[in-house]
Amino acid sequence: MSDRIETKGKTVSQGVEEKADSDGYRNSEAELPLDSQVGTDLNVTENDLAEARELANRLSIEDVRPMMERVLIIHENDPNFPFSIIQRIRAFLGRCNEAIFETPEKHAILIEEMKLEAALITVNSPYAEVRAVVDNHDDVDIPCGTIRAWTIGLGFSILLAFVNQLFSIRQPMIAQLLAFPIGKALEKSLPDVGFSLLSTRHSLNPGPFSRKEHMLITIMANVAWNHPYTNNIIWVQYLPAYFNQSYAGQFGYQILIALSTNYIGYGMAGIIRRFLVYPSYCVWPASLVTIALNAAFHNDRNTPVASPFGKIFTISRIKFFGVTFAAMFVYFWFPNYIFTALSVFSWVTWISPDNVNLAAITGFNNGLGINPWPTWDWNTLLFDYTDPLMIPYFSTLNKFIGAVIAACIIAALWYTNTYNTGYLPINSNRVFDNTGALYNVSQAVDERGLFDPVKYEAYSFPFLSAGNINIYLFFFAIYSSIISYAYLYHRHEISMGFKNLISSFRKDKGSGTGQYQDVHNRLMSKYAEVPEWWYTIVLAIAIAFGSVGIANWETYTSPGVIFYGLALCALFVIPVGIVKAITGIEVTLNVLAEFIGGSWVAGNALAMNYFKSFGYVTCAHALLFSQDLKLAHYVKIPPRQTFAAQIMATLVSTFVSVGVLNFQINQIPNVCTVNAPNRFTCPGINTFFTASVLWGTVGPIKVFGQGGMYTALLVGFPIGFLTPIIIFYANKKFKQTWMRQIHPVAIFYGALSWAPYNMSYIWPAVPIAWFSWVYLKQRYLGFWSKYNFVLSASFSSAIAVAAIIIFFSLQWSEVKLDWWGNSVTSQGCEGDACTLYKLGEGEYFGPRIGEFH
């Protein structure tokens, strides 16, 4: 596009301030620096803009109009899409009538701007965060599914599955780090020898270790991160301390149910990829960090960029990664081991450690964590597997708003002693009895683990802390809100996904009308797609495995639990997936699965666990697999190679995990007891068992049903359902720019991010996210694009590596540094949680014995 535009028969220079119509949009009476304006609105760099100019010159107004109509339908309510662009698209389509064709010179600037914006959206992603790390070009000849990639990938799948099952250390990014030097070493050492199969040559060394090979290895390693959830069921079934069901030690039973839950998740991910992978609005923020690390290793381009420090930065991404990695690696030793008060920086409570009110409001460990600056530990901000550099600012801000609302509710519950919460710690995630002690589930079940009403009525009703009550209230709200939100904000996209899914089963797929045709889909169209029936077969086989496992052993459960669980997953997986793909936050279905499963199979903890596995866990697995499919989509890995890699990595890692599980339960003496060697005390399994019995045996009907103590919390369902409706129509009525950034699901997510977490985990991310996503992105886009996600990857990687070294070299052998900087964090109420009220000798609170049933 030239620097001068012909308007009304005379030529004017760009740079003149433009006049505005009464509706606030530009007219063509004066000229605007068009490239600069569009570049600012779309957050594009000079390189991105230059690439779009060539296409813009070839577009006609007839080409642009349908493109803008589709953009408006998909992105009108998208908080990640620039609102100023939405406004001008509305202006363009509003004026797009016969007059614009008859006298286009009167709308020259608007037309030219729409051409440039259409070109930008066509040749690249509409999102600056995606453009920053994802290449909008592809070379189909780059090696991907090579022998060395498969060797390294399966090796990491085995290693990480072993380590993850044994120690629960889940750090797949370490595999991405280590894979690069291993791949480069094989590139230098292996000979170029191989064989041909199906007209394709497979060599031990096909050339330089490529970014596609690297990403395929990462995807295979990610599978090992996802160890079988059913192993938790095996633990509580088999061990004498729990249900003592010896048949659970049989390998056939273990592997069938493990393969079932893992492959159901993968089958679901494949079927829903037209909803969660192909659409451009499904950004998947966490994937961008992984790709940024990949690009740092393999991208040789090093463009100088202006920085907020008044200097031009010329350091490459890989050097920047190395420097920041080393800095965080060294620094992390201080808050994690040497000076842990830097991590738990509850300095306000140090003034008076035994002050109940001070600790309740400001405490990091056992309070609400309301503190101006509560931590100097980056790892604290990763409590929900996100960080402020990874997810958009509006997500972080909405989470914070929800947390503030919840803090007020929790404080009100506690200080008014509602539901007897004053006798309990203010923000605990544990369940208590009527003396304030932890709930002893063995006092409410018989020797088979089934509910015993006589023992229960002689013991205690289960009580929740104020923080835990708040969690259940907002969990109920978020489940209903995500349904109304998905319909109001994304019904067009969901409808398009169903149309494309149905079309994929037809032999004649038509002209592709309605298909997602952004740049990455067009590039991926060069590769053979995975047929839908492949995923359908995987899903069917997985269901068969689960049915055999449940029916062939004494599980006291019907195989029907699989189909009921899948129904729950099918209802929520697309709405939950869309929210995660846009905001970076994931709504888990664990509480809903416990609530429904415990009500449906009241008195049977094992059946509830299976419902939870096939309802909540398969949905979570489907989202993890979908995220990896998006990784492959961004990096242009052929779909069938991704399919094969995920299938094989899942198979291998599942067998390894189950094998290690057998070793643990059979070869480690006194495992999951206080006498277990090397600290194999299984705190997570103990928590799982308690939840299993409490919600599967005592059951949610007694807790939340008619006459239950917490029945009023069910008001969360209508509140959640109505909130997105109110916000949606308020936005339509008042049309305020800031209202477009309100995300009801993210607000509810922040509100339930309590017990045991608190404001100390949430608040520090807000100023950091603002500095990155608002200040830097708007003023120093080149600098932000080049380094933001690399910094996120380097910090997370350094913490992962340092944490493993500290764990095995010091914490495993219980080498401790005993000084004030490590002990001050557990003084007073920060060490042992304080309560508002105390009980006298022999007293208890709540319903009298015999008055609850």
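Trainee: So a crossing is left-handed when the near helix is turned anticlockwise from the far one by less than a right angle, and right-handed when it is turned clockwise. Which hand is the crossing of H3 and H6?

Mentor: H3 and H6 cross in the left-handed sense. Keep in mind that this is a predicted model.

Trainee: Noted. At what angle do H3 and H6 pack, and how far apart are the axes?

Mentor: The angle is about 60°, and the axes are 10 Å apart. H3 covers residues 61-75 and H6 covers residues 108-123.

Trainee: Which residues of H3 and H6 meet there?

Mentor: H3 contributes Ile 61, Val 64, Met 67, Met 68 and Val 71. On the H6 side they meet Ile 111, Met 114, Lys 115, Ala 118, Ile 121 and Thr 122. Sorted by class, the contact of H3 with H6 has nine nonpolar residues, one polar and one charged.

Trainee: Now H23 and H24. At what angle do they pack?

Mentor: About 140°, with the axes 8 Å apart. H23 runs over residues 590-600, and H24 over residues 605-635.

Trainee: And why is H23 called oblique to H24?

Mentor: Because an angle has to be over 145 degrees to count as roughly antiparallel. At about 140°, H23 is therefore oblique to H24. The crossing of H23 past H24 is right-handed.

Trainee: What does H23 put against H24?

Mentor: Asn 590, Ala 593, Glu 594, Ile 596, Gly 597, Gly 598 and Trp 600. Their partners in H24 are Met 608, Phe 611, Lys 612 and Tyr 616. By class, that contact of H23 with H24 has six nonpolar, three polar and two charged residues.

Trainee: Switching to cysteines. How many disulfides does the count come to?

Mentor: One disulfide, by the distance rule. Cys 829 and Cys 834 form it, with their sulfur atoms 2.0 Å apart.

Trainee: Which hand does the link of Cys 829 and Cys 834 have?

Mentor: Left-handed, with -90° about the S-S bond.

Trainee: What about Cys 569: which cysteine sulfur is closest?

Mentor: That of Cys 619, at 4.0 Å. The rule asks for sulfur atoms within 2.5 Å, so the sulfur of Cys 569 is too far from that of Cys 619 for a bond. Both cysteines count as buried: Cys 569 is at 0% relative accessibility, and Cys 619 is at 3%.

Trainee: Backbone next. Which peptide bond is cis?

Mentor: The one from Ala 755 to Pro 756, with omega near 10°. Pro 756 sits in the loop between helix H29 (744-751) and helix H30 (759-762).

Trainee: And what is phi for Asn 417?

Mentor: Near 55°, which is positive in a residue other than glycine. Asn 417 belongs to the loop between helix H17 (393-415) and strand S7 (431-432). Asn 420 is also in the loop between H17 and S7, and has a positive phi of about 60° without being a glycine.

Trainee: New topic, Trp 235. Where does it lie?

Mentor: In helix H11, residues 230-238. Trp 235 counts as buried at 5% relative accessibility.

Trainee: What does Trp 235 contact, sequence neighbours aside?

Mentor: Leaving out neighbours within four places in sequence, its contacts are Gln 165, Tyr 242, Leu 661, Gln 664, Ile 665, Val 671, Cys 672 and Ile 685. Trp 235 and Phe 688 are 453 residues apart in sequence, with 9.5 Å between their C-alpha atoms.

Trainee: And Leu 381, buried or exposed?

Mentor: Leu 381 is buried, at 6% relative accessibility, and is placed in the loop between H16 and H17. Beyond four places in sequence, its contacts include Tyr 761, Pro 764, Ala 765 and Ile 768. Its C-alpha is 24 Å from that of Val 223, which is 158 residues away along the chain.

Trainee: Last one. Where is Thr 340?

Mentor: In the loop between helix H15 (317-338) and helix H16 (356-362). Thr 340 counts as buried at 18% relative accessibility. Apart from neighbours within four places in sequence, Thr 340 touches Phe 334, Pro 335, Gly 821, Asn 822 and Thr 825.

Methods:
Residues are numbered from 1 along each chain as its sequence is written. This is a predicted model: local features need pLDDT of at least 70, side-chain atom pairs count only at pLDDT 80 or more; totals for chains, interfaces and linings use all residues. Side-chain values use heavy atoms; hydrogens and water are left out. Axes are lines fitted to C-alpha atoms, for helices over the stretch in contact, and angles run from 0 to 180 degrees between N-to-C directions. Helices (H or I, at least four residues) and strands (E, at least two) are DSSP runs, numbered from the N terminus. Angles under 35 degrees count as roughly parallel, over 145 as roughly antiparallel, 65 to 115 as roughly perpendicular and the rest as oblique. Contact means heavy atoms within 4.5 Å. Ala, Val, Leu, Ile, Met, Phe, Trp, Tyr, Cys and Pro count as nonpolar, Asp, Glu, Lys and Arg as charged, and the others, Gly among them, as polar. Buried means under 20% relative accessible area, exposed over 50%, partly exposed in between (1.4 Å probe, protein chains only).
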